[in-house]
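Thanks for coming. Please have the sequence and the structure open.

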Amino acid sequence: MKRALTLRKIGDYAVYTRLGSGRYGVCFLAKSPQGDWVVLKRFRRRIWKKNRRKNHYEAVILSSASHPAIPEFLGVVNHLSKGYFFILEYKKGKTLEKLLFQKKKKFSDVEIYRIGSQLLEVMEYLHNRGIVHRDISISNVLDTGKEISLIDYGLARYIKTEDGYTPYLDYFCFGNVLLYLLYSGYKETGKKKAWYHELPLAEPQKTYLMRLMGLAEPFQSTEEVRRLFIIKMFCTAHIKKVS
């Protein structure tokens, strides 16, 4: 961990560096009074006020979750001048976005199988508890090379069909993550085409991805998505390499 030149304090937490930012806030790497690494997630004041009726969802959902790939919710800090912070468990690993675009990593079939399988296991855990993440992306999946974590539950909601909070968006997002990983090993050969014409996919792979992306008959359950991931996306040879 690189220590910041000027160490700041947020409540009882020593802030070391900025991890990243998004539309809703900024995340910092910090140390607790007990010496544990944590993440302090600060909300932008304007967004916090605008979404005051929805801000509690992330805390409630994370507090009810218990899974090694989901960060634990540890509490809050309400700092008079610096703002409102969630305290979250720090998860190791680099985002898939960083691995793809900064490290220029090319993901093998074995790696895509591992990441996809682990991500589906987390998705099924959430969906079985009536929760949709709604923001599964290469910037919200951390990978250590062995294990993934799914972070940022700011848009997560309880499944409510009438409000559009259904697992289908998570399926679409999962498909999008797979496409990024598949494209990492693709060499452009000419004029840009749609992914289903461009990537060298077998017909079952293409159909599986199209179903995820809403371009063919939609999946009926996360269990079906997970089961067919192995059958349609990867041949026996690949699965044997991982097992």
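Let me start with Y153, which sits in the loop between β10 (148-150) and β11 (157-158). Helices (H or I, at least four residues) and strands (E, at least two) are DSSP runs, numbered from the N terminus.

Before going on, the conditions. This is a predicted model, where local features need pLDDT of at least 70 and side-chain atom pairs count only at pLDDT 80 or more, while totals for chains, interfaces and linings use all residues. Residues are numbered from 1 along each chain as its sequence is written, and side-chain values use heavy atoms, with hydrogens and water left out.

Is Y153 buried or exposed? Y153 is buried, at a relative accessible area of 1%; buried means under 20% relative accessible area, exposed over 50%, and partly exposed in between, with a 1.4 Å probe and protein chains only. Leaving aside residues up to four places away in sequence, Y153 touches E58, I61, L62, I70, P71, V122, L126 and H133, contact being heavy atoms within 4.5 Å. The C-alpha atoms of Y153 and L178 are separated by 20 Å, with the two residues 25 apart along the chain.

Now the helix at 56-64. That is α2, and it lies across β4, β5 and β6 (83-89), running at about 20° to β6. Axes here are lines fitted to C-alpha atoms, for helices over the stretch in contact, and angles run from 0 to 180 degrees between N-to-C directions.

Next, the sheet. It is open, has 6 strands in the order β1-β2-β3-β4-β6-β5, and its pairing is antiparallel; two strands pair if DSSP finds at least two bridges between them. At the edges are β1 (8-10) and β5 (73-79), each pairing on one side only. From one strand to the next, the twist averages 40°.

Within this sheet, look at β3. Strand β2 (residues 13-21) pairs with β3 in the antiparallel sense over 6 bridges, and S21 has V26 of β3 as its bridge partner. Strand β3 (residues 25-31) also pairs with β4 (residues 37-43), antiparallel, over 7 bridges; there K31 is partnered by W37. β3 and β4 form a hairpin with 5 residues between them, and G35 in the turn has a positive phi of about 90°. Of the 7 residues in β3, 5 are buried, so β3 is mostly covered.

Last, the helices. α7 (residues 203-212) and α8 (residues 222-233) pack at about 155°, with axes 9 Å apart. They are therefore roughly antiparallel: angles under 35 degrees count as roughly parallel, over 145 as roughly antiparallel, 65 to 115 as roughly perpendicular, and the rest as oblique. Among the contact residues are Y208, L209 and L212 of α7, and L228 and F229 of α8.

What about α5 (residues 168-183) and α7? Their axes come within 8 Å and cross at roughly 135°, so the two helices are oblique to each other. The contact is made by Y171, F172, F174, G175, L178, L179 and L182 of α5 with Y208, L209 and L212 of α7.
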